[in-house]
Amino acid sequence: MTKKSSGQLTDDSCSYSVELNGWGLGTDIRRGVLPEINQIGRARNIEEAKRASNDTKNTRPTKKAEKPRSELKRGWDDQDVIGIAIKTGVILQIYHKQELRNSPTYSSIIYTQRKGHPWQQFHRDISQDALYSEDAPYMDDLLRDLATVEIVNASQFRGGTQLKLDLRLADGNRVIAKPMRLSRDHVYKYTREEPFWLDPERHNAEIASFHLDRLLGFRRVPPCSGRRVNLKKEILGKSEDTNLLSTVFKSGANLCVIGNCKPWFCNQDHPSCTKGDLMEVAMCQFLPAYQGGIPVRDAAYPWSQGRKESKVWKGKNICLDILKDSIRLGGRVLLDLIEQGIFDFFLRNYDRHHYSQLRKYQRKVGCVLHLDNGKGFGNPLVDDDTFLAPVYQCCKLRRSTYFRLKELARPQSRLSNRLNASMSHDPIAPVITEVHLQAMDRRLETVLRTIDKCIRNHGESNVLVERLE
Ligand SMILES: Nc1ncnc2c1ncn2[C@@H]1O[C@H](COP(=O)(O)OP(=O)(O)OP(=O)(O)O)[C@@H](O)[C@H]1O
Ligand SMILES: [Mn+2]
């Protein structure tokens, strides 16, 4: 495969375009990798998958380019504003060291006049209480930009267990993209045969989660939009990452990519494929770096649905212990976690092993973020009330959240209708099926019933609070 540069190289990680010649689309690219990966794909449990992964480690031809920490750090670095220049009265925010070097020609400066690009307005709007403000006037434009602005660089995102893309857009923005794997109406069973840890991520779950979280008034999910991309031209043609390029193969008229991630997900049984030329992806807004590093810190979620972890809280009420924890008492965390429990009940998201907070507000304690919702919206038919353990064990809820939930249960402003309307402009609408929309209304009733029971048992003033004393 040869590569011919057709654009000006302005930065080692961004702002250039290359043209790919010689895509032998009739051939499998380095197909030799696949038989071994296939073994791993057939593993029946996590131990078997790990063993198979070790067995094949030495034979896997993809370059193990894993230097996650430093690479990730460099990745975060380049969205820091590192300088501000003023040229004929226009403020230019400089996002790349290379751009500073290029001054004063400004040839490749991604600059903004006054308000900046929508993604820059989003970055500035992040606060201690939420990722964006209630009115967020730039939001429609940001969602539109995520769906339309040219992709200038693509690589595999390092971090997590499943294939994700790290995309740079022509407006300087950075995006985490999750590719489509399953059809919208595929129902995951969460049984012994289909355990939650093997649940493939759903791109539409990330988009629906953003809209649901916004409607519930939390505003803790980064904005996500759907997009149909031409895999060959817009992703592979803009990538030099062997994790992607060496795992591409053709399947009938479609092009598929496997990536290089956990072997029980990145294998030939779980490829991400186009339909014709196009692939649906969820384009999720990157959060800004904090002091050149990762902006969030994670802590163990006390009500994790992990097999071992859940035994603790399913056997007894752990809320008092958490209340006694002075760190958690000092801030807003417990009330946020109760809301996160409600959010995950709507999603049926078994993947919440940790909760994340913005590091920027470490001292003051920033709100809990709802990152990583790709395993939600897998099964609309069965509800799992145990997600509400933080609610029924603590019997506390923010008063404002309670009344918002009540509002969304009114026939005039029913949650399913509002969610459907909110997602109707998305390029890949309908984002979720009717059955999933109906599940939202049913689950809302369960949430309200659970809280109302608490109110009956403990009195409204003890249950509905704005802060914990
Ligand atoms: N919008 C975002 N901006 C910045 N970082 C993010 C964003 N979304 C996720 N991350 C970071 O990337 C990591 C991996 O993302 P994500 O959790 O979605 O992947 P995953 O493959 O589902 O991982 P896991 O196996 O942990 O569930 C997260 O732990 C988080 O630190
Ligand atoms: Mn995940």
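From which domains does the shell around ligand 1 draw at least three residues each? A few friendly notes follow.

1. This is a predicted model, in which local features need pLDDT of at least 70 and side-chain atom pairs count only at pLDDT 80 or more, while totals for chains, interfaces and linings use all residues. Residues are numbered from 1 along each chain as its sequence is written, with chains lettered from A and ligands numbered from 1 in the order in which they are written.

2. To the opening question: domain 1 (8-77 + 125-285) and domain 2 (296-465) each supply at least three residues of that shell; the bounds come from an automatic or database domain assignment. Ligand 1 is surrounded by 17 residues, with Gly160, Thr161, Pro222, Leu287 and Asp372 the closest (C-beta atom, placed from the backbone, within 6 Å of the ligand). Seven of the shell residues are nonpolar, six polar and four charged (nonpolar: Ala, Val, Leu, Ile, Met, Phe, Trp, Tyr, Cys and Pro; charged: Asp, Glu, Lys and Arg; polar: the others, Gly among them).

3. The largest nonpolar core has 95 residues (buried Ala, Val, Leu, Ile, Met, Phe, Trp, Tyr and Cys joined through C-beta atoms within 7 Å; buried means 20 or more other C-beta atoms within 10 Å of the residue's own, placed from the backbone). Val175, Ala177, Ala208, Met283, Ile338 and Ile342 touch the most other members. Helix α13 (residues 333-347) is the top contributor, giving 10 residues (helices are DSSP runs of H or I, at least four residues, numbered from the N terminus). Here too, domain 1 and domain 2 each provide at least three residues.

4. Beyond its neighbours within four places in sequence, Met283 contacts Leu146, Ala147, Val175, Ala177, Cys224, Ser225 and Arg227 (C-beta atoms, placed from the backbone, within 7 Å).

Note on methods:
Buried ≥ 20, exposed ≤ 12 C-beta atoms within 10 Å, placed from the backbone. Helix = DSSP H or I, 4+ residues; strand = E, 2+ residues; numbered from the N terminus. Contact = placed C-beta atoms within 7 Å.
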